[in-house]
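I am opening a notebook page on this structure, and I will write down each thing I look up in the order I look it up.

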Amino acid sequence: MSFSVCRLIYILVAAKQMTVRKHIALIGTGPVSILKAYLLVKRDPTLKVSLFESSSNLGGAWYSDISPKGHEIESGCHIWSYVPEVYSFLKSEFALELTPMNPSPTFVGKKLKVNYSTKNTLDTYKHIFKSLLKFKKPAIKNHPGFYGRIFGKKNQYPKLGSVELINALKLKIEKEKNIEIIQNFMVDEIKISDQVELIGKDNTYVCDQLFMTSVSEVQKISMKDQIIEMEQSQIDYIHFLIALSNPTNKKMSYWRLMNDPVVHRISDISYQTANEENLLLVGIKGDAYHSTSEEDLLKHCEKVFRSLKLIVPETSVEKLKTYIFPTYYINGQIRERINEISPSQIQLIHSTDLMHGFYYILKEENLI
Ligand SMILES: Cc1cc2nc3c(=O)[nH]c(=O)nc-3n(C[C@H](O)[C@H](O)[C@H](O)COP(=O)(O)OP(=O)(O)OC[C@H]3O[C@@H](n4cnc5c(N)ncnc54)[C@H](O)[C@@H]3O)c2cc1C
């Protein structure tokens with residue numbers, strides 16, 4: 001065979017390989033979508049994977065910001081659910097150093113405080129009890145929310161905050177030539193035929209398969225004569241980044257407030273600045289945020305801190321930033337219809353809780 005014929009065959013084979021390369025798209029760059037993209041390419045390096053993100057941030061609800069003194073900090077008050085298999089995977093795959101949150105994250109009621117590790121244990125036993133009453137086998141093994149362990153169910157977290165996880169994920173996907181991130185592109189509509197079209201305001205992208213999480217904000221999905229007009233309930237999660245003039249009076253990691261009409265949760269993120277800055281992230285309830293001025297909300301936060309003795313009388317409180325995360329939950333019926341429309345072309349990823357989302361992805365990939 002002459003050299004030119006060999007060359008032609010080589011080009012044809014290469015061209016064929018190029019044309020059959022499967023293209024997968026994911027909506028959003030939250031950690032769940034990034035992990036999925038990374039694992040897809042790890043399993044099959046011939047894939048092309050594109051992540052479409054409407055904003056210019058990476059990390060979804062976990063994106064990081066820069067503090068006044070230049071430290072990379074979280075933008076939301078966060079906690080990781082207790083899912084030991086996922087912790088082990090993250091430690092080995094991303095060399096993350098995870099430690100039990102110290103002190104334990106806590107539910108704070110009017111009179112009672114219960115830490116999460118106690119609540120996790122109680123939830124498991126409540127689940128077992130309820131299942132037994134219904135003569136059903138309790139889902140202790142295959143449910144990330146329930147573990148039979150009695151002691152030591154401590155929520156873990158990266159030593160310097162979830163910024164470490166996002167950066168580790170970023171690093172992995174930046175090294176992957178087969179993964180591209182398309183930012184500032186809002187997917188408004190999805191059309192399924194032989195391929196999947198992702199339609200935005202000024203552009204349309206085409207792929208073979210699409211993954212979207214249950215908080216993707218899409219208006220319409222269609223396949224031939226089937227049209228799904230999306231019904232999503234919007235919840236705005238609001239976080240205030242608050243600077244204190246002194247460190248907190250009590251050591252805390254994450255408090256979930258059970259009875260306050262305004263404040264939903266509080267995280268002390270000073271450790272993310274090597275304690276050079278005294279910073280709290282405070283979750284504000286959406287209703288309160290939309291009906292009250294920021295000035296009054298800050299006064300309320302201060303009152304809450306004082307009544308919980310989180311700050312001493314001389315501590316002053318300043319709001320540095322407001323982060324707003326509008327979140328669109330796809331309702332259950334619509335999720336079922338999406339799952340039925342073309343499972344080989346469009347798939348939903350579980351994403352209401354980060355560690356649970358990771359758990360299901362890792363299970364699917366047979367990694368745990
Ligand atoms: C403020 C907040 C705090 C949270 N705190 C916790 C916590 O402490 N612990 C926990 O386990 N879970 C928490 N959650 C839930 C958790 O964030 C999710 O489980 C996790 O982020 C899953 O990632 P995701 O990609 O599904 O969603 P997100 O992280 O919300 O990211 C979705 C991304 O998709 C983009 N997007 C959406 N629709 C489109 C579209 N049509 N086109 C292009 N881009 C689009 C958005 O801009 C966003 O960046 C929180 C959620 C929010 C909003």
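**Entry 1: the whole chain**

How many helices and how many strands does the secondary structure of the chain come to? I counted nine helices and 21 strands, and I note at once that I am reading a predicted model. I then looked up the extent of the C-alpha trace, which spans about 85 × 55 × 45 Å along its principal axes. Of the 368 residues in the chain, 33% are buried. I also looked at contacts between residues at least 6 apart in sequence, and 70% of these join residues at least 24 apart.

**Entry 2: the domains**

The domain assignment gives me domain 1, made of 3–54 + 177–231 + 331–364, and domain 2, which runs over 232–329. I looked up the C-alpha centres of domain 1 and domain 2 and found that they lie 36 Å apart. Where the two domains touch, six residues come from domain 1 and five residues from domain 2. On the side of domain 1 that touches domain 2, I find two nonpolar, two polar and two charged residues.

**Entry 3: the ligand**

Why do I write that the ligand lies between domain 1 and domain 2? I write it because both domains give residues to the shell around the ligand. There are 34 residues around the ligand, and those that come nearest are G28, G30, G60, T213 and S351.

**Entry 4: an open sheet**

I next followed an open sheet of five strands, whose order is β12-β11-β10-β14-β15 and whose pairing is mixed. Which strands stand at the edges of this sheet? They are β12 (204–207) and β15 (226–229), and each has a single partner strand, so one side of each is left without a neighbour in the sheet. From one strand to the next, the twist averages 15°.

As a reminder to myself, strands of a sheet pair through backbone hydrogen bonds, either parallel or antiparallel. For β11 (residues 196–199) and β12, I find the antiparallel sense, over four bridges. One residue I traced across this pair is E197, whose bridge partner in β12 is V206. Helix α8 (residues 332–341) packs on the sheet, where it touches β10 (189–192), β14 (220–223) and β15, and the direction of α8 makes about 150° with that of β15.

**Entry 5: two single residues**

I looked up I346 and found it in strand β21 (residues 346–349). Is I346 buried or partly exposed? With 19 other C-beta atoms within 10 Å, I346 is partly exposed, because a residue counts as buried if 20 or more lie within that distance. Leaving aside neighbours within four places in sequence, I346 is in contact with I190, I192, V196, L210, I338 and I341.

My other residue is K119, which sits in helix α4 (residues 116–133). K119 is partly exposed too, with 18 other C-beta atoms within 10 Å. Beyond its neighbours within four places in sequence, K119 is in contact with F107 and V114. I also noted a separation from C-alpha to C-alpha: K119 and T29 are 90 residues apart in sequence and 31 Å apart in space.

Notes:
Residues numbered from 1 in each chain as written. Predicted model: local features only at pLDDT ≥ 70, side-chain atom pairs only at ≥ 80, totals over all residues. Helix = DSSP H or I, 4+ residues; strand = E, 2+ residues; numbered from the N terminus. Buried ≥ 20, exposed ≤ 12 C-beta atoms within 10 Å, placed from the backbone. Contact = placed C-beta atoms within 7 Å. Pairing = 2+ DSSP bridges. Axes fitted to C-alpha atoms, helices over the stretch in contact; angles between N-to-C directions. Near = placed C-beta within 6 Å. Domains from an automatic or database assignment. Nonpolar A, V, L, I, M, F, W, Y, C, P; charged D, E, K, R; others polar.
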